[in-house]
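Biologist: Please take a close look at a single part with me, and give the cut-offs as you go.

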Amino acid sequence: MEREKYMEAALKLARRAQNEGEVPVGCVVVCAGEIVGRGWNRREQKQNALEHAEMMALDEACRTLGRWRLADCRLFVTLEPCPMCAGAILNARVGEVCYGASDPDYGACGGVINLFEEAFRHKPRLYGGILAQQCADLLTDFFRQLREKESAADKPL
């Protein structure tokens, strides 16, 4: 129940990303029951490959807490982290990672590879499938609407 509460907060941020024309992925970092970091995709807006929801949320959490080690923190993200974000999670020593939808194309928590099972010193606890259907539906609807827009734009007047 508690994990679903925080995933709902991440879903709210994913909807914000969607409203801004971004792929709808949202993320929160939680420490001692408080959200200390929030993020949503902003790659298109910023034209920067690093502007993933997890990166934004980790950055805010580090600034909020005044430290880079986040071992006592939990990260909730609507889409399975990619290799870049999984690497940042490992480097920040995040204690627990919870994600919603799996990513069979870029997922680094089991979708393609699981970086958390490799021989790194730190291994966060991993929980997948939290509100998975809601998270997946948001992404599916976004890409369906994007394809429809592109299709309509390709039609001659």
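Does Phe142 count as buried or exposed, and at what relative accessibility?

Modeller: This is a predicted model, in which local features need pLDDT of at least 70 and side-chain atom pairs count only at pLDDT 80 or more, while totals for chains, interfaces and linings use all residues. Residues are numbered from 1 along each chain as its sequence is written, and side-chain values use heavy atoms, with hydrogens and water left out. Phe142 has 10% relative accessibility and therefore counts as buried (under 20% relative accessible area, with exposed over 50% and partly exposed in between, for a 1.4 Å probe and protein chains only). Helix H5 covers residues 132-154, and its 23 residues reach 33 Å from the first C-alpha to the last, close to the 33 Å expected at 1.5 Å a residue, where the expected span is 1.5 Å times one less than the number of residues.

The structure holds two aromatic pairs, a pair being rings of Phe, Tyr or Trp (its six-membered ring) with centres within 6.5 Å, stacked if the planes are under 30 degrees apart, edge-to-face if over 60 and tilted otherwise. The rings of Tyr6 and Phe76 lie 5.2 Å apart at their centres with planes at 40°, so this pair is tilted. Phe142 and Phe143 form an edge-to-face pair, 5.1 Å centre to centre with 80° between the planes, and Phe143 is partly exposed, with a relative accessible area of 33%.

Notes. Helix = DSSP H or I, 4+ residues; strand = E, 2+ residues; numbered from the N terminus.
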